[in-house]
Amino acid sequence: MNRSGPSSPLTADEAAALLAFFVEAGVTEALCEAPVDRYMLDETAAPVVTAPAPDAVPAGEARRAPRADPRGAAPTFPAAPSAPPRVAAPTSLPLDDAGAAESARAIAQACTTLDALRAALEGFEGCPLRYTAKNLVFADGNPAARLMLVGEAPGRDEDLQGLPFVGRAGQLLDRMLAAIGLDRQSVYIVNTLPWRPPGNRTPTPAEHAVCMPFVERHIELVAPDMLLLLGGVSAKQLLGTETGITRIRGKWSSCRIGGRDIPALPTLHPAYLLRQPAQKRLAWRDLQALKARLDALPPR
């Protein structure tokens, strides 16, 4: 960026670009210029304001422009003391607040088709993730497929396109499926969360709990013959275990959903394989076991 000096103020376009970057990075709080020991603050005390009041500015003296850090960091802006504090959207949902999980389960069970389930999710207000995500990530693939893949939370590319597994991890997943003769027309893909957490942060247990009734209903409506659980989060949510994915991968289990016991195979998430390419050999073993079981299924 071409700037005349370290103290030059941001232009309107630069300020908008900086704000967009903060939103994309998941920034939800603005900090004061001076450090504050919040452990020493009285809970009933008024918030600390570091900017001068309007009448404290000497007559004839202009307000200071935003100050840029000469090291290239983002400039800091004095807070306007007269502006009321903005209430940020919650980042987690207390399960005992209005029975969000019970409400989600009732709404999901009332859906008798995939279209109705998608419409219910689009109108569902019980999960705060929907307010920070750009798109609902519902599903991809063939809903009549015998194999259903369950991933974790959507990432940036998935959030932008509204489809699961479309980024680098999704490209690897496509190659993994092709290695055993499958593609997106022969499988059905969903995630444990339909919205991207801001900044790709780890979802809270409350967010998972309020979304799981929709995932379970999704599986019940599709009625697959087996599940491939991609990653530790998916395995823990659907198998009800705290055991790590490296210990349970490749071991067949089952999920009790909608009165059916559905065979489920946990395996390593493609994003993990991108970070640990040496572990692809383990994923290949899992894919071979999956292919053998698929081939042994009787025709419908």
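Predicted model: local features only at pLDDT ≥ 70, side-chain atom pairs only at ≥ 80, totals over all residues.

Residues are numbered from 1 along each chain as its sequence is written, and side-chain values use heavy atoms, with hydrogens and water left out.

Helices here are DSSP runs of H or I with at least four residues, numbered from the N terminus. Helix 2, residues 100-109, packs against helix 6 at about 20 degrees with the axes 7 Å apart, the axes being lines fitted to C-alpha atoms over the stretch in contact, and angles running from 0 to 180 degrees between N-to-C directions. The two are therefore roughly parallel, a term for angles under 35 degrees.

Helix 6, residues 205-222, also meets helix 7, residues 232-239, where the axes come within 11 Å and cross at roughly 80 degrees. That makes helix 6 roughly perpendicular to helix 7, the label for 65 to 115 degrees. His208, Met212 and Ile219 of helix 6 make this contact with Val233, Gln237 and Leu238 of helix 7, contact meaning heavy atoms within 4.5 Å.

Finally, Leu163 sits in the loop between helix 4 and helix 5. Its C-alpha atom is separated by 6.7 Å from that of Phe138, 25 residues apart along the chain. Leaving aside neighbours within four places in sequence, Leu163 is in contact with Val137, Ala139, Asp140 and Glu158.

Note on methods: Parallel < 35°, antiparallel > 145°, perpendicular 65-115°, else oblique.
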